[in-house]
Amino acid sequence: MSGRLFRVEHVETDDDGDLQTTTLLGPQGETLKRVHRLQPFGFHSSVPKGAHGLGVQFGGGPDGGRRLNMVLGLEDPSSRPRKREPGSTALYDANGSMISLVQSEMRVVHAKSFTVVVGGVSLTITKDGVTIKGGKVTHEGKDIGATHRHGGVQSGASNTDVPQG
């Protein structure tokens, strides 16, 4: 079985079926349609138009057999993080969001908001502050959420004691 490797440019993605397929521009402007894009288990991405990758083609030799096409990689040069430290890892998108592992630190960067959801509890961080919904909020075992109570409360303009555990 014969095969070839060649540079491709991504045109569009079909992500509706069991496999993610792409339309690619190959060598000499040839259009390759429904090309399987290989991705590892547990990871998914949908690359922007214009990303570059490696096309792989097997079969289709002199006997006229069926050709098998697939694409590897697909990197968008305008979105790729640059000047990363050796040994670092980054998960990024075309909007400037990134989760990175650098030395012993994990960083999450997002332009608008970052939300963590566990069961019925969510924690959202934005440029304006932090919002917690659901569950209860404690600090060193003391309730500091919406249901906490204070001692020493008197009518009028009096201050309260610190929150009670």
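**Exercise 1. Is T22 buried or exposed, and what is its relative accessible area?**

*Solution.* The structure is a predicted model, in which local features need pLDDT of at least 70 and side-chain atom pairs count only at pLDDT 80 or more, while totals for chains, interfaces and linings use all residues. Residues are numbered from 1 along each chain as its sequence is written, and side-chain values use heavy atoms, with hydrogens and water left out.

Step 1. Recall the classes: buried means under 20% relative accessible area, exposed over 50%, and partly exposed in between (1.4 Å probe, protein chains only).

Step 2. The relative accessible area of T22 is 1%, so T22 is buried.

Step 3. Locate the residue: T22 belongs to strand β2, residues 21-25. Strands (E, at least two residues) and helices (H or I, at least four) are DSSP runs, numbered from the N terminus.

Step 4. List the surroundings, where contact means heavy atoms within 4.5 Å. Neighbours within four places in sequence aside, T22 touches H10, E12, T13, L32, K33, R34, V35, R37, V71 and L74.

**Exercise 2. Describe the sheet that contains strand β2.**

*Solution.* Step 1. Five strands, in the order β1-β2-β3-β5-β4, close into a barrel with mixed pairing. On average, neighbouring strands of this sheet are turned by 50 degrees against each other, direction ignored. Such angles run from 0 to 180 degrees between N-to-C directions, with axes fitted as lines to C-alpha atoms.

Step 1. Examine one pair, remembering that two strands pair if DSSP finds at least two bridges between them. Strand β4 (residues 52-59) and strand β5 (residues 67-75) run antiparallel and are joined by seven bridges. Within this pair, H52 is opposite E75 of β5.

**Exercise 3. Which residues make up the largest nonpolar core?**

*Solution.* Step 1. A nonpolar core is a set of buried Ala, Val, Leu, Ile, Met, Phe, Trp, Tyr and Cys residues joined through side-chain atoms within 4.5 Å.

Step 1. The largest one has nine residues: F6, V8, L24, L32, V35, V47, A51, V71 and L74. Two or more residues each come from β1 (3-14), β3 (31-37) and β5.

Step 2. Take A51 as an example. Apart from neighbours within four places in sequence, A51 is in contact with V8, E9, H10, L74, E75 and D76.

**Exercise 4. Describe the open sheet of three strands.**

*Solution.* Step 1. The order is β9-β10-β11, and the pairing is antiparallel. At the edges stand β9 (113-118) and β11 (129-133), each of which pairs on one side only.

Step 1. Six bridges connect β9 with strand β10 (residues 121-126). Here V117 faces S122 in β10.

**Exercise 5. What are the element count and the radius of gyration of the protein chain?**

*Solution.* Step 1. The chain contains zero helices and 13 strands.

Step 1. Its radius of gyration is 26 Å, whereas a compact globule of 165 residues would have a value near 15 Å. This radius is taken over C-alpha atoms, and the globule rule is 2.2 Å times the number of residues to the power 0.38.

Step 2. Along the principal axes, the C-alpha atoms fill a box of roughly 95 × 35 × 25 Å.

Step 3. Finally, 22% of the 165 residues count as buried.
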